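This report describes selected features of the structure shown below, in terms of strand pairing, helix packing and local backbone geometry.

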Amino acid sequence: MSISVEKRIEQAHEEWMAALDVVKDPIFMHDKNFRILRCNRAYQQCAGLPFKKIIGEPYFEIFPKTHAPLRHCTEVLERSAVDGDEEEVEVGNNLYRSRAYAVKDKEGNCLYSVHILEDITNARLAEEALKEAELRFQAIFDGAHDGILLADMSSKKFTVGNARICEMLGYSLEELPFLGVTDIHPEEELPYVLSQFEKQARGEIELASDLPVKRKDGTLFFADVNSFPLVITGKEYLVGFFRDITERKRAEAMVQESEERYRAIFEGVLDGIVLAEVETKRVIDGNSAICRMLGYKPEELAGLSISDLHPEEDWPYVFGQFSKQSSGEIQLATDMPIKRKDGSVFYADINTANLNVGNRHYIAGVFRDITERRQSEESLKLFRTLLDNSSDGIDILDPATLNFLDINETECRNLGYSREELLSMHISEIDMGFGEALERTIQEQMALSGTARFESTHRRKDGSTFPVEVNTKLVELDKPYIMSIARDISERKVTEEALRASEEKFRSITVSAQDAIIMMDNEGKISFWNEAAEIMFGYPAQKVMGEPLHTLIAPERFMEAHRAGFEQFKKTGEGAAVGKTVELFALRKNGEEFPVELSLSVVERNNCWHAIGIIRDITERKQAEAALQRANRALRTLSAGNLALVRAESEDALLTEVTSVIVDKGGYSLAAVYYAEDNPQKSLIPKACSGRKKDNFCEGNPRWSENEKSELPVTRAIESGATQICRDIAAETGLKLWRDAVLSHGYLSNIALPLSGGGRVFGALSIYSSELEPFDDEEVQLLEELANDLAYGIGTLRTRAEHEQHAVLLQQSLEQSILTIAATVEARDPYTAGHQRRVGELATAIAKEMELPEMQVQGIHFAAIIHDLGKIHVPAEILSKPGRLNDLEYRLIQMHSQAGYDILKDVSFPWPIAEIILQHHEKLDGSGYPQGLKDGEIRLEAKIICVADVVEAISSHRPYRPALGTEPALEEIRQGKGSLYDPAVVDACLSLFTEKDFAFNSEFS
């Protein structure tokens, strides 16, 4: 029985020791003399000795080697209680918690003690690291630039906040726990605010923008509140970051107002933003500006690929830039080709930012100008989230060395360094303004308030710089730290600069503008009036501001239409002239009406429409257009009249055809020819009349020599032998019967031209017009030439014996008429005066060299000397421009061939003059203009004038270059022979210069 008990005891002891060996902590037993009785395997491993060398030895010489019993071991042996005691023991780099328990008999005598050594090294290190992190993050929390509040989700009461939120709200830290969400927002905004709070609490949104916040004193400011939910010890909280955006809103409002004025006048474009997923390269979202840029609707934009936004041939480059931007290698991609929905392409600078949300990588691209950047950060633990989610860069510095101790992710991104790189750097390596002066300023501010705030410039890793606003604070934790919060104020600086630049640009443009710029508010009153408006209308700006615009500058007959249009404009911002350029009449201060061109745009401000008008005085342009029309009319009349002279076979037929030509071709209202009979009665005989009513106004047998007060214009012309012009018949004070009769037929002006021959005036040509103030100097000159030609034709028809000479003289007259037309063109282009005649000289010589028929040579001659007639429609400033022409100006010049054809197409020359002029810039290979004709489609006469035109143009002076000489001109036609220019024509031209010593007539130079 005793053996069995002894075996069980031994077995129980072995099992107990086996159980102790499993325990990883060292365990040993010692007697009252501190000699080891038992130990587990963990103890043997720590001691580094086998079991046999440990038993019986004092434990303080084996492990831990303390050279004396541990304090708590002695105290346990001395106390009567058996609760045990503990002590921390440092062994090398490890720290152990030693627990001792005394086992005593019933009499209280100590049998042995049990020691358990627990390795607490790692736990203690983690505990100290956590404590240090908590202290550091608490400092960052208190010094953050944004206001921070922690609210209980269920009660909506605040539990804690930082110093910045107290500064923003005007409450102390002690007052915050007594406040809730409803206490810091206006009562009328609470439904909206609470709905935003609930959405943030449910995680539906992170950012609540433009929330009105009420201070303790009742005043309001606006803030963006970024939040995230947090669970602490099972209780749900909402952490809110409050950023005061009052100044930003004020600046944005100022910029917006300035930009609205500027854009309304000179058209601006907002920037576009695209958000894409990096892995799939799919567009996730985009703003309305990018939709307008690309031509897509918002619902069409989402889901497009990056490849859809760029031309296919540029994909390799585009994807390469996209990869560099998404990897952070570059931020800005310039001159990127962008494809619209309709396939057209434009270019943009794309500035990017990389985003990581929910383990997904996105890239935000801002097209041209960064106005907003959507940022989304992962939610981290409370204090690390406060650090890394801040939009400002946050640095922790060693006060002694000013080296970095900690940096948030925002600062790393802003500077382009990794955290590891910055931890080895000094503040002066990134702050360009740091020096003795700044350091002294910081120390003085900290001495007064404990904080310092200043502006400086930070330098990125790539060498680029950006402006910052820095807030520093000395924080006392386990040791002193300097906390620095750096805010990138680039956008603010850009906004301020944009505002200044926009205002300056607006001011400089409106001051220097030649056109009147006027702004009108929604009451129809003048709110802006530039210097050009003062000059144009005669009113100084200080006199018209606040005055009704329409009653000031609109003629009375248009007032009713203005009132109706303005009422519609006030309601809708729309009107017949809005967004268009229209011509109408305006009124000067002196009552004078004048024609203007109005460009009208609108802008909406404070829910009211305002109009901006750019007004140009077009009086001179209208006068020039009218003069041009009259000149063209006279040219048509002269050309058709001369043709009638050539074809006339009898005097009566000549008079009938000429008067018909004046009405039908010239567009005049009435034309009549009168002969003055040299008899005692001085009779005035009507010979021919053409017009609407064919009324020659000769009732009462008028005489051509009478009392001056009763004379008609036609009789004055006959008696004086000089042209008589009545530009406003209604203003004639005498001749009431004639005046009333003429006006009743709608004729408003008249010119009477004497017909002379054989040394006396034998008649007159009378022409009536239904326009006021016609017959300017150029038109009169051409009509006088027609009257002279008509008189000569009458004389030659009367002398049949001189018919042959008559034909020659008429031919000369036709040539003189054509030369007059040419001179009309060259008078507007002094730099190329004589060009047409020199081209005519060379073209005629080439035609003769090619042995063409004489009649064909004459046609080439006449066509050449007026081949640039169409330039009469080209502005003189373009013809005489000293520099190279731009594309628009060159296209205007190219239209002169068609314009010349249009002027002459209805004139019946004996030759195809109009077609020759139309084709004289065509080339054999189809590269010419205006029709792009090829070899077989171009008239020979046009080919000859084309070569003559090229040779003369290259060899002569031009406004934009000196004369190049004959040899470069001949080399040009040699090079183009057969491809651009007719080979036979080129050979004839080269023969003239190289074999027959042709030279241009110097009197044409």
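In S15, Tyr362 is the bridge partner of Leu355. The structure is a predicted model, in which local features need pLDDT of at least 70 and side-chain atom pairs count only at pLDDT 80 or more, while totals for chains, interfaces and linings use all residues. Residues are numbered from 1 along each chain as its sequence is written, and side-chain values use heavy atoms, with hydrogens and water left out.

Helices (H or I, at least four residues) and strands (E, at least two) are DSSP runs, numbered from the N terminus; two strands pair if DSSP finds at least two bridges between them. S14 and S15 are part of an open sheet of five strands, ordered S12-S11-S15-S14-S13, with antiparallel pairing. Strand S12 (282-286) and strand S13 (332-339) each have a single partner strand, so one side of each is left without a neighbour in the sheet. On average, and with direction ignored, neighbouring strands of this sheet are turned by 40 degrees against each other. Axes are lines fitted to C-alpha atoms, for helices over the stretch in contact, and angles run from 0 to 180 degrees between N-to-C directions.

Helix H12 (residues 315-327) lies across S13, S14 and S15 and runs at about 140 degrees to S13.

Strand S14 also holds Phe346. Is Phe346 buried or exposed? With a relative accessible area of 16%, Phe346 is buried; the cut-offs are under 20% relative accessible area for buried, over 50% for exposed and in between for partly exposed (1.4 Å probe, protein chains only). Leaving aside neighbours within four places in sequence, Phe346 is in contact (heavy atoms within 4.5 Å) with Met293, Leu294, Met336, Pro337, Ile338 and Arg340. The C-alpha atoms of Phe346 and His310 are 9.5 Å apart in space, and the two residues are 36 residues apart in sequence.

**The sheet S27-S26-S30-S29-S28**

Another open sheet of five strands has the order S27-S26-S30-S29-S28, and its pairing is antiparallel. Its edge strands, strand S27 (684-691) and strand S28 (724-726), each pair on one side only. Neighbouring strands here are turned by 15 degrees against each other on average, direction ignored. Six bridges connect strand S26 (residues 670-676) with strand S30 (residues 760-769) in the antiparallel sense, and Tyr674 stands opposite Ala764 in S30. Helix H26 (residues 777-798) lies across S26, S28, strand S29 (749-757) and S30, and runs at about 40 degrees to S29.

**A helix pair and a buried threonine**

Helix H28 (residues 835-849) and helix H29 (residues 854-865) pack at an angle of about 160 degrees, and their axes are 7 Å apart. This angle makes H28 roughly antiparallel to H29, the term for angles over 145 degrees. The contact involves Gln836, Arg837, Val839, Gly840, Ala843, Thr844, Ala847 and Lys848 of H28, together with Val857, Ile860, His861, Ala864 and Ile865 of H29. By class, this contact has seven nonpolar, four polar and two charged residues; Ala, Val, Leu, Ile, Met, Phe, Trp, Tyr, Cys and Pro count as nonpolar, Asp, Glu, Lys and Arg as charged, and the others, Gly among them, as polar.

Thr472 is part of strand S19 (residues 465-476). Its relative accessibility is 6%, so Thr472 counts as buried. Not counting residues up to four places away in sequence, Thr472 touches Ile442, Met446, Gly450, Thr451, Ala452, Phe454, Met483 and Ser484.

**Backbone exceptions**

Most residues other than glycine have a negative phi, and most peptide bonds are trans. The table lists exceptions.

| Site | Feature | Value |
|---|---|---|
| Phe63 and Pro64 | cis peptide bond | omega about -5 degrees |
| Tyr929 and Pro930 | cis peptide bond | omega about 10 degrees |
| Phe34 | positive phi | phi about 70 degrees |
| Asp210 | positive phi | phi about 55 degrees |

Pro64 lies in the loop between helix H4 (59-62) and helix H5 (71-78), and Pro930 lies in the loop between helix H33 (913-919) and helix H34 (940-955). Phe34 is found in the loop between strand S1 (27-30) and strand S2 (36-39) and counts as buried at 15% relative accessibility. Asp210, by contrast, is placed in strand S8 (residues 207-214) and counts as partly exposed at 35% relative accessibility.

Methods. Angles under 35 degrees count as roughly parallel, over 145 as roughly antiparallel, 65 to 115 as roughly perpendicular and the rest as oblique.
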